[in-house]
Amino acid sequence: MSTPQNHLSPSTVRERSACMCDHGDVCSSYAPGHALHLIQARMASATPSDWNDALVEHADAAAGRLVVRTLDGAAHDLWSAAGAALEAPVGTPVALHGRYGVLAVGRTKFNVARV
């Protein structure tokens, strides 16, 4: 005898899923602002002309939000669940890869979402 299969629609599965960082654990999602995927990091490394130097203008570690201003004067409001705001206090020089949503703070790279 076989067990009946419960078929869930994709929208139901998306509604039920939650990233582990919502519960205080390590990110289990590669969505913008969550864990940095290896391919995302490699694509950013392979396109060095898309990196922009910037300075952290505002950092809110509790909310995971950062505002960085590139050297051309453009401000970028970013969010990261992985702790970018903890690693980059106000005044920290960073690099932002606009195409792939990667923020480099020294040698550490974070997946960031634009807010």
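This is a predicted model: local features need pLDDT of at least 70, side-chain atom pairs count only at pLDDT 80 or more; totals for chains, interfaces and linings use all residues.
The side chain of E57 takes part in a salt bridge with the side chain of R69, with a distance of 2.5 Å from N to O. This pair brings together distant parts of the chain, for E57 belongs to strand β1 and R69 to strand β2 (residues 65-70), 12 residues apart. R69 has a relative accessible area of 33%, so R69 is partly exposed.

R65 sits in strand β2 and D77 in strand β3 (residues 75-79), and the two are 12 residues apart in a link between distant parts of the chain. R65, at 31% relative accessibility, counts as partly exposed, and D77 is partly exposed with a relative accessible area of 27%.

How many salt bridges does a search of the whole structure find? The count is three, and one of them joins the side chains of D50 and R99 at 2.8 Å, N to O. This link spans 49 residues: D50 is found in the loop between α2 and β1, while R99 is found in the loop between β4 and β5. R99 has a relative accessibility of 55% and so counts as exposed, the cut-off being over 50%.

Helix α2 covers residues 38-46, and its buried residues are Q40, A41 and A44. Why do these buried residues line one face of the helix? Seen down the axis of α2, they fall within an arc of 100°, so one face of the helix is lined by them. The face turned away from this buried side carries the exposed residues L38, I39, R42 and A46. On the buried side, the packing partners of α2 are strands β1 (51-60), β4 (93-97), β5 (102-105) and β6 (108-111).

Among these strands, β4 is mostly covered, with four of its five residues buried. Strand β4 runs antiparallel to β1, and five bridges join the two. One of the residues involved is W51, whose bridge partner in β4 is H97. Strand β4 also pairs with β5, in the antiparallel sense and over three bridges. On this side, H97 stands opposite V102 in β5. The hairpin formed by β4 and β5 has four residues between the strands, and G101 there takes a positive phi near 65°.

Is N111 buried or exposed? With a relative accessibility of 2%, N111 counts as buried, because this value falls under the 20% cut-off. Two backbone atoms lie close to polar atoms of the N111 side chain: the oxygen of A31 at 3.1 Å and the nitrogen of G33 at 3.3 Å. Setting aside neighbours within four places in sequence, the residues in contact with N111 include Y30, P32, H34, A35 and L36. Further contacts of N111 include W79, S80 and G101, along with Q40, which is one of the buried residues of helix α2.

Note on methods: Residues are numbered from 1 along each chain as its sequence is written. Side-chain values use heavy atoms; hydrogens and water are left out. Buried means under 20% relative accessible area, exposed over 50%, partly exposed in between (1.4 Å probe, protein chains only). The arc is that of the directions from the helix axis to the C-beta atoms. Contact means heavy atoms within 4.5 Å. A salt bridge is a side-chain nitrogen of Lys or Arg within 4 Å of a carboxyl oxygen of Asp or Glu. A polar contact is a pair of N or O atoms within 3.5 Å; within protein, one must be able to donate a hydrogen and the other to accept it, and residues adjacent in sequence count only if both atoms are side-chain atoms. Two strands pair if DSSP finds at least two bridges between them.
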